Amino acid sequence: MKSIFFHLQGYRELPDDFRERYESIWATAPNKELCDPRKVHQYLNWNIDELELADDLGFDGVGVNEHHSNGYSFSGSPNLAASILARKKSDAAIMLLGNTLVQYNPPTRVAEELATLDCMSGGRIIAGMPVGSPMDTTIVHGITPTEVRSRYHEAHDLIKRAWTESGPFPFNGKYNKLRYVNPWPQPYQQDPHPPIWLGGGGSPETWKFATDNDYVYTYLSWGGHKYGKQLMDGFWQTVEQAGLDDNPYRAGFAQVVVVADTDAEAEKIYMPHIRDFYDKAMYVAPHHAFVPGYFKKAALQSFLGKPGQSKKNAPFGVPAGRDMTWKQHVEEEAMVIGGSPATVVDKLTEAVKSLRVGHLMVILQLATMTREQTERNIRLFAEQVMPKISHIWDGHGYQDHWWPTGATRNSGPTVPQSSVSPEVPA
């Protein structure tokens with residue numbers, strides 16, 4: 001199993017009365033009032049330090065994301081951080097989740113930048129192509145909600161053609177009309193292009209898009225693995241209906257994880273940060289998260305469930321957290337996996353097998369955690385948890401066909417021989 005250190009890159013200090021004073025962490029939280037550029041200078045450099053530390057400690061990959069106009073994750077351009085990671089001599093994968101395609105005009109910008117990163121890194125790029133949250137696409141960028149999916153599909157098709165067809169060629173779409181599509185450079189990975197992963201919150205449309213194109217589907221859940229199972233089961237049903245195999249490397253899952261020497265110590269160290277994160281960083285206005293026209297009927301039914309079922313599967317539909325106990329977070333709700341290394345290994349093994357995922361995206365930094373706490377969490381996971389969960393799918397004969405060819409770290413029987421890239425010229 002592959003472990004990816006996934007960094008949210010959120011703002012690390014928000015006022016205690018944030019919920020009382022503001023309507024949402026996204027779009028409307030006033031930047032001049034809340035976001036200090038001098039602190040951002042610190043945070044951005046700490047983020048890169050933490051990503052590079054995870055690389056040095058042997059994670060299979062490191063991951064960055066894309067969001068806009070918010071304090072939950074203000075990584076407006078994941079490609080900027082990725083360019084620093086790509087320059088570093090390494091054999092770890094670099095996952096970008098986004099780029100959010102509909103926000104680029106024209107989308108050939110994404111094709112160019114990801115190809116540049118792929119060449120810079122020697123073929124270590126995972127091209128994450130999420131549809132994007134309603135908060136980013138519609139609320140912040142003003143894209144008509146009923147057009148988001150159609151714009152996404154057209155942008156996706158344009159990028160794939162730009163990567164696989166000889167240029168120049170014309171592209172005459174509904175939203176993009178280009179006389180010359182001829183991006184330089186082409187990706188380093190030419191078999192036939194960098195692996196494409198989708199990030200989703202549980203929409204059946206995204207499940208089908210993943211199976212139609214043989215892409216990895218990653219579920220970005222804040223409700224934890226218990227509530228994520230219902231939606232991941234839906235994805236695996238879609239895989240079965242498509243006549244595809246049940247290879248766990250078709251799937252990924254994002255999980256908050258905190259590790260300490262003992263369960264009691266983990267509660268003492270991390271509980272204030274868990275409570276703060278769910279209380280502030282996850283505070284999204286419902287009228288931003290559920291924009292009329294953004295979700296189709298099937299997606300809403302999937303999120304809302306049947307009468308009497310939990311509604312926590314909805315994107316950003318998690319409880320506030322300020323009044324929740326450690327027991328509620330890590331046991332009853334299982335939103336967070338935390339405790340001693342032994343406890344975390346047991347719970348992660350159960351979660352990974354239950355969800356049937358081959359790519360675990362671990363979130364080890366929650367906004368208010370100090371640099372020292374974050375580094376300790378990363379080290380404990382890398383040294384005492386990761387080695388014990390990395391072999392979960394070994395011996396089953398599965399191959400990870402969706403991993404970058406240049407990311408050869410921990411290559412073994414689960415990685416196809418064709419995944420070994422040629423040596424990068426000095």
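**Briefing on a predicted protein chain**

In this predicted model, F381 touches S3, F59, V257, V259, L348, L360, V362, L364, M386, P387 and I389, leaving out residues up to four places away in sequence; contact means heavy atoms within 4.5 Å. Residues are numbered from 1 along each chain as its sequence is written, and side-chain values use heavy atoms, with hydrogens and water left out. Local features need pLDDT of at least 70 and side-chain atom pairs count only at pLDDT 80 or more, while totals for chains, interfaces and linings use all residues.

**Overall form**

- The protein chain contains 15 helices and 11 strands; these are DSSP runs, with helices (H or I) of at least four residues and strands (E) of at least two, numbered from the N terminus.
- The protein chain has a radius of gyration of 20 Å, close to the 22 Å that the globule rule gives for 426 residues, so it is as compact as a globular protein of that length. The radius is taken over C-alpha atoms, and the rule is 2.2 Å times the number of residues to the power 0.38.
- Along its principal axes, the C-alpha trace spans about 60 × 50 × 45 Å.
- Of the 426 residues, 57% count as buried, where buried means under 20% relative accessible area, exposed over 50%, and partly exposed in between (1.4 Å probe, protein chains only).
- Among contacts with a separation of 6 or more, 76% are accounted for by residues 24 or more positions apart.

**Nonpolar core**

- The largest nonpolar core has 130 residues, and F59 and F381 have the most contacts inside it. Helix α10 (residues 263-281) provides the largest share of this core, 8 residues.
- Such a core is a set of buried Ala, Val, Leu, Ile, Met, Phe, Trp, Tyr and Cys residues joined through side-chain atoms within 4.5 Å.

- T349 is found in helix α14 (residues 341-355) and is buried, with a relative accessible area of 19%. Apart from its neighbours within four places in sequence, T349 is in contact with I389 and I392.
- I125 lies in strand β4 (residues 125-128) and counts as buried at 0% relative accessibility. Not counting residues up to four places away in sequence, I125 touches I94, L96, L114, L117, D118, Q189, P194, P195 and P404.
- I125 and E13 are 112 residues apart in sequence and 31 Å apart in space, C-alpha to C-alpha.

**Aromatic rings and charges**

- The whole structure holds 20 aromatic pairs. Rings of Phe, Tyr and Trp (its six-membered ring) pair if their centres lie within 6.5 Å; planes under 30 degrees apart count as stacked, over 60 as edge-to-face and the rest as tilted.
- Y43 and W46 form a tilted pair, 5.9 Å centre to centre with 50 degrees between the planes. The two are 3 residues apart in helix α3 (residues 37-56), so they are separated by about one helical turn. Y43 is buried at 1% relative accessible area, whereas W46 is partly exposed at 22%.
- One aromatic cluster is formed by W26, Y72, W222, F277 and Y278.
- K2 lies over the face of W403, 4.9 Å from the ring centre, and the charged end of R179 sits over the ring of Y180, 4.6 Å from its centre. A charge sits over a ring if NZ of Lys or CZ of Arg is within 6 Å of the ring centre and within 35 degrees of the ring normal.
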